[in-house]
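Let's take a friendly look at the pockets of a protein. Have the sequence and the structure open as you read.

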Amino acid sequence: MGNGDDVERRAARAAGSDLVRDFGLLFKAAGRLEQRIDATLRERCGIHHTMFELLIRLYRTPGEEVSQRTLGDDLVLTSSGTTRLIDRMEEAGLVRRRPSPTDRRVTVVESTEQGCAVFLKAAAVHAEVVEECFVTPVAGDDYGSLVRALTEINRAVQGK
């Protein structure tokens with residue numbers, strides 16, 4: 001039996017470890033939930049999930065002026081990705097850009113009336129999918145534990 005066989009067995013054990021399996025379940029569930037939300041939002045509201053997330057950010061703090069750069073940072077998009085997303089949303093009549101009244105170097109993004117109407121419909125659709133696929137499958141007491149665990153994981157990866 002050669003050294004290569006031993007390395008392959010160790011690699012197989014590592015690939016089949018409980019940690020790899022458990023993290024894989026989290027990753028697959030999150031990815032599939034994201035796909036379900038995105039497909040449902042596209043079908044029923046005409047927007048994709050990232051557009052919905054941008055609208056959430058605009059409505060989260062009423063009256064706040066949100067710069068294009070802040071949106072990119074919050075959504076973890078590149079500068080060009082943010083520009084393309086806002087371009088598409090502006091073309092669809094969901095948002096508009098305007099210069100900041102306090103800093104002429106800054107472009108502020110705000111929702112339009114149409115954007116608000118689409119957001120409210122999308123928020124209801126999003127809630128339906130999250131309830132069906134994220135909340136309902138987890139028993140009542142376990143749901144609170146899940147949310148607390150996800151909160152702690154999020155803190156750990158943010159380094160806080």
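Predicted model: local features only at pLDDT ≥ 70, side-chain atom pairs only at ≥ 80, totals over all residues.

Which residues lie nearest the centre of the second largest pocket? They are Ser67, Gln68, Arg69, Ser79 and Thr82, out of a lining of 13 residues. Two elements, helix 4 (68-75) and helix 5 (79-91), each give two or more residues to this lining. Helix 4 provides the largest share, with four residues.

Now move to the largest pocket, which holds about 890 Å³ of space. Its lining is made up of 22 residues, and those nearest the centre are Leu26, Ala30, Leu33, Phe134 and Leu150. Helix 2 (18-45), helix 3 (49-60), helix 6 (113-135) and helix 7 (140-158) are the elements that give two or more residues to the lining of this pocket. Which helix gives the largest share of the lining of the largest pocket? That is helix 2, with ten residues.

The table sets out the classes of residue in each lining.

| Pocket | Nonpolar | Polar | Charged |
|---|---|---|---|
| Largest pocket | 14 nonpolar residues | three polar residues | five charged residues |
| Second largest pocket | two nonpolar residues | eight polar residues | three charged residues |

In the largest pocket, 14 of the lining residues are nonpolar, whereas the lining of the second largest pocket has eight polar residues and two nonpolar ones.

Technical notes: Residues numbered from 1 in each chain as written. Heavy atoms only, no water. 1 Å grid on protein atoms, 1.4 Å probe; cavity = no way out; pocket = protein on both sides within 12 Å on 5 of 7 lines; lining within 4 Å. Points joined across faces, edges and corners; volume = space filled by probe spheres on them. Nonpolar A, V, L, I, M, F, W, Y, C, P; charged D, E, K, R; others polar.
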